[in-house]
Amino acid sequence: MNNELKTIALSGRIDSLNAAETEKQILDDLQGISGVPLVFDMEKLDYISSAGLRVILRLKKQYPDISIINVKPEVYEILEMTGFTEMMTVEKAYRVVSTEGCEEIGRGANGTIYRIDRDNVVKVYNNADALEDIRHEREVAKLALILGIPTAISYDVVRVGESYGSVFELLNARSFSKIIATEPDKLDWCVSEYVKMLKKIHGTVVPEGKLPDMRETVIGWAEFMRPYLPSDAAEKLIGLVNDVPRDDHMIHGDYHTKNLELQGDEVLIIDMDTLAVGNPIFELASMYNSFIGFSEMNHANILKFQGFDFETGTKFWKKSLAAYLGTDSETVIESVEDKARIIGYTRMIRRSIRRGGLDDEERRKEIEHWKGELLELLEKTDSLVFGVSEIEVEADTENLPQVQSFVEEHIAAAECSPKAMMQIGLAVEEIFTNIANYAYAPDKGKAKVRVDVLKDPVAVSITFVDHGVPYDPLAKDDPDLTLSAEDRAIGGLGIFMTKKIMDDIVYEYRDGQNILTLRKNL
Amino acid sequence: MTITKTQNGAALTVKVDGRLDTMTAPQLESVVSSELGGIEKLVFDFADLEYISSAGLRVLLSAQKTMNSQGTMTVKNVNELVSEVFEVTGFTDILTIE
């Protein structure tokens, strides 16, 4: 029994013949219970007369918080006529829906989604007592929608066999998994839309306390591992997760291609019950598991789950990660993947052990494999935090320090000399200041800065993008260096200096954007 | 960036430490535009100047223009990076560098 409320089931007929007896039974049942909300479950009640209603009214004096659920249509009519629906919360009985023969279009940690007709889908929850889960999912989906994330919100709760389901309108939508499986030439388009949505989610700040903190959850997973890992490895794992800074940005928590739907030309994200806040590495870990981790030892898993094969899943993951990080650098991509795998393996090991995986020889082998990988990764990893190699800021000189430290962090991997580092810093200052002062003047606008570390030859490339007035800085004449101080103009030096200290500068005006790319060979 | 000024009659030494860039140049600009009255000998000590961008060069150029009409200006103790910036921009020819 739930301690917070008391449920009383009524059945059959309640009228003047048995009202007194029913009242006595209820009072016996409530012996010693006071101050809790009462819920009358009328699922099996066929009729109630005014004698029966008076029983409820008398109880209401002692238990002011009464609600009625699962009301059949004919009983609801009585409650409505007698004004009960205005006196207390009265919920009609849930519509019963069957998913037999329905297409499964999505599957998440907590439930499975079926299409029940052309316009509607139902998410059937695994947990038999799912009303709280449904309420939670509806709340977080509403929150996400208000914060600008395109999603579907359930409009009805139904019974599906012994489980509950929530019904959504999803007109003619197709999941990304299906598109990938049936239209291989659309893979790149899917990657691009998938990453666009991911960035949108990760760029959304969530008001404090509205969503669970994923960091806390993952600390729990790491703590769970303590008895199963050598103590130094366990300590390192817990330390790594603890060192991930708190983050108030949204993460989806189960972001794979079955949860992304194309409806007309609109992309929607569904299955919102795992929504949380946290560092994006936690999301990448769950994505890694969806596309690779869960199928690493048995490639057939992903085919069963997503409808496309392991090779396709791996390709999709790699391309998405590259696009998300804004880099083609294998080194950068692999280093982020390794961080994701640490959390990914931790999660899978915990999950398997909790489901009795140690008692089964096949699964024990799997756990050992994951553990081996995890220990190897822990050995070579010092932080779970990673950087995205592109930032967008207001083009204002105030943001120059932020842009400069962003660039410095990202070229650190290239191990360039302090001198080259300074020169790059200088070029970044000159170009960014130029954009800040002239691109949008007198208005304001954004500037994007992207860093790539290139191999063969080793070089750093920095790209600046703004939507300001078209301006080719390279078209300007170089200042005349032979003039005396008196005759030298004040200004025009920044671009000139940048040209001198960089190895290559390319300007392009495309799609309404100034795109300036600097390259420095190392 | 920190600016330390030492005045001895008509001689002024301005020591600039740290970074002379877009963010900090306005501070030096205000020294150059309002405190050079009556100064005949201006010295910039860059022993602890780590970095200079075109925003800093502009201030030096405007100081040089002022001092051309009222005395001398020298720049001393220039480190390698700052020196390279002077080189590239032709400032080695305009400034008196010790």
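Let's start with one pair of residues. A:Val121 sits opposite A:Phe168, which belongs to strand 10 of chain A. Keep in mind that this is a predicted model.

That pair takes us to strand 8. Strand 8 of chain A and strand 10, residues 163–169, pair in the antiparallel sense over five bridges. Strand 8 has another partner, strand 7, residues 111–115 of chain A. That pairing is also antiparallel, over five bridges. Here A:Gly111 faces A:Tyr125 of strand 8. How many residues does the hairpin from strand 7 to strand 8 of chain A run through? Four residues.

So is strand 8 of chain A enclosed or open? Count its residues. Strand 8 covers residues 120–125, and five of the six are buried, so the strand is largely enclosed by the rest of the structure. For that count, buried means 20 or more other C-beta atoms within 10 Å of a residue's own.

Next, a sheet. Four strands of chain A form an open sheet, in the order 1-2-3-4, with parallel pairing. At the edges are strand 1, residues 6–14, and strand 4, residues 89–92. Each of these edge strands pairs on one side only. From one strand to the next, the twist averages 20 degrees.

Look at one end of that sheet. Strand 3, residues 66–71 of chain A, runs parallel to strand 4, joined by three bridges. Across from A:Val71 stands A:Lys92 in strand 4. What lies across strand 2, strand 3 and strand 4 of chain A? Helix 3, residues 73–81. Helix 3 runs at about 110 degrees to strand 2, which spans 38–48.

Last stop, helix 15 of chain A. Helix 15 spans residues 400–411, so 12 residues. From first C-alpha to last it reaches 17 Å, close to the 16 Å expected at 1.5 Å a residue.

Which residues of helix 15 are buried? A:Val403, A:Gln404, A:Phe406, A:Val407, A:His410 and A:Ile411. They cover an arc of only 160 degrees around the axis, which puts them on the same side of helix 15 of chain A. On the other side, A:Ser405 and A:Glu409 are exposed.

Technical notes
Residues numbered from 1 in each chain as written. Chains lettered and ligands numbered in written order. Predicted model: local features only at pLDDT ≥ 70, side-chain atom pairs only at ≥ 80, totals over all residues. Buried ≥ 20, exposed ≤ 12 C-beta atoms within 10 Å, placed from the backbone. Helix = DSSP H or I, 4+ residues; strand = E, 2+ residues; numbered from the N terminus. Pairing = 2+ DSSP bridges. Expected span 1.5 Å × (residues − 1). Arc of directions from axis to C-beta. Axes fitted to C-alpha atoms, helices over the stretch in contact; angles between N-to-C directions. Contact = placed C-beta atoms within 7 Å.
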